[in-house]
Amino acid sequence: MKVTAIGTGYVGLVTGACLAEMGNHVVCLDVDPEKIRILNEGEIPIHEPGLKEVVRRNVAAGRLQFTTDVDHAVQHGTLLFVGVGTPPDEDGSADLQYVVAAARAIGRRMTDYKVVVDKSTVPVGTADRVRAAIQEELDARGRGDMPFAVVSNPEFLKEGAAVEDFMKPDRIIVGSDDEQATLLMRAIYSPFNRAQDRMLVMDVRSAEFTKYAANAMLATRISFMNELALLAEKVGADIELVRRGIGSDPRIGYQFLYAGAGYGGSCFPKDVKALVKTAADLGLPLKVLTAVEAANERQKRVLVDKVVERFGEDLTGRRFAVWGLAFKPDTDDMREAPSLVVLDELTRRGATVLAYDPVSMPEAARMLGPRDDVRLVKRAEAAIEGADALLVLTEWKEFRTPDFDAIKASMKSPVVLDGRNLYDPKLMKTLGIAYSGIGRG
């Protein structure tokens, strides 16, 4: 089948590459010539395990192509997957300018039946806006009777496991009110449904809402556990033991029950804000999700509070090590990462920070720019030299079993503030390290 993927970010590039892997002929379109240059040279502009191999294999097989040529991209695909960005606007709502621009570009150029698939995370009603934009362009061309369909097919891809999630989905949500479009969607996803039919077909608005509802639920679980962790510290309980206790209940389960330094990334913060804004515009305040967002913002400052409690409000002359800058492991994504809040709060109080991340150092350099108060170092060991305390913010595997004797020897004072509960408090006490996790009593 001929497919076009519009946008070569996490959503568009993974979608295009994985559909090509199943034998489809895919053209990936992006208006950024630098991204297309990188992809045509066999590299990828994001860090996503396994994606480079899939891209290279399908480019070599002639099934995957990258272009900035909008005319070619629109004419190529019968199915056009729109995977462009929907960043939060100033009021928290999703900015749909890139989605609408893609729709207009399609409407100006299409010459036969197209199925336009909203793959980006978009608020309820976006398909109607996309349909209207395409129809306006067709009417302006005098081709208003040309048939097309708009489908909602939200992505459920975890950064760091996006290829695996796409190739082995636990569900495929399709919102469609067009019979031919539904048949084409079933055909494109049939290779992913051979063992079990994972496709759930519903109306378009319910499909759009499902994506937001899923992310809001997961964000709620995280903020709920983080709030319980704060209370656990006050009453002398260990949130890790509590997690195991409640996770063993099959009605609850273990996923997304880990207390930590707050969630970040491109999905949860943006989608919770957008859902809250949508409800507010309709006169229905979402009290639970408003609290979820507030709890997460507070949680990003928990490690800073621990630093201030130990060293005082004035951190002038203090040096701190930070391990982990990405919002989660196996990605270089720092959007809304807790590390950004921690760096700002520490340096605002006069501290100097030495930071290390296994993957996101180029992204950190781009986002932070040249700064005298934050140094990016190439090794975890270099970050802790002479540090007053070590703050762990991302649960990368290489941080799980460090040389604690070397840590003690390198640091000015053996203090570890663990924002991901990687270490055993009893072991740390035995080793002579002053340790504080999240909700460890």
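Modeller: Gladly, and let me begin with what a pocket is here. On a 1 Å grid over the protein atoms alone, a pocket is an open set of points where a 1.4 Å probe fits, with protein on both sides within 12 Å along at least five of seven lines, whereas a cavity is a set from which the probe cannot get out; lining residues have an atom within 4 Å of a point. Grid points are joined across faces, edges and corners, and the volume is the space filled by probe spheres set on the points. This is a predicted model, in which local features need pLDDT of at least 70 and side-chain atom pairs count only at pLDDT 80 or more, while totals for chains, interfaces and linings use all residues. Residues are numbered from 1 along each chain as its sequence is written, and side-chain values use heavy atoms, with hydrogens and water left out.

The second largest pocket holds about 1,400 Å³ of space. Its lining has 47 residues, and Gly9, Tyr10, Lys35, Gly85 and Arg335 are the closest to the centre. Helices (H or I, at least four residues) and strands (E, at least two) are DSSP runs, numbered from the N terminus. Two or more lining residues come from each of helix H1 (10–21), helix H4 (70–76), helix H5 (97–109), helix H11 (268–281) and helix H15 (361–368). H5 gives the largest share, five residues. By type, the lining divides into 23 nonpolar, eleven polar and 13 charged residues, where Ala, Val, Leu, Ile, Met, Phe, Trp, Tyr, Cys and Pro count as nonpolar, Asp, Glu, Lys and Arg as charged, and the others, Gly among them, as polar.

Now to the salt bridges, each a side-chain nitrogen of Lys or Arg within 4 Å of a carboxyl oxygen of Asp or Glu. The count comes to 41. For accessibility, buried means under 20% relative accessible area, exposed over 50%, and partly exposed in between (1.4 Å probe, protein chains only). Another pairs Arg243 with Glu240 at 3.2 Å. These two are separated by about one helical turn, because they lie three residues apart in helix H10 (residues 239–247). Arg243 is buried at 9%, and Glu240 is buried at 9%.

Asp388 and Arg318 also meet in a salt bridge, 3.2 Å from N to O. This pair links distant parts of the chain, 70 residues apart: Asp388 is in the loop between helix H16 (380–384) and strand E12 (389–392), and Arg318 in the loop between helix H13 (302–311) and strand E9 (319–323). Asp388 is buried at 2%, while Arg318 is partly exposed at 28%. There is a network of salt bridges as well, linking Arg301, Glu313, Glu345, Arg348 and Arg349.

As for the backbone, most residues other than glycine have a negative phi. Asp330, not a glycine, has a positive phi of about 65 degrees. Its place is the loop between E9 and helix H14 (338–348), and Asp330 is partly exposed at 34%. Glu336 likewise has a positive phi, of about 60 degrees, and is found in the loop between E9 and H14.

Finally, the strand pair (pairing takes at least two DSSP bridges): strand E7 (residues 172–175) and strand E8 (residues 199–202) run parallel, joined by four bridges.
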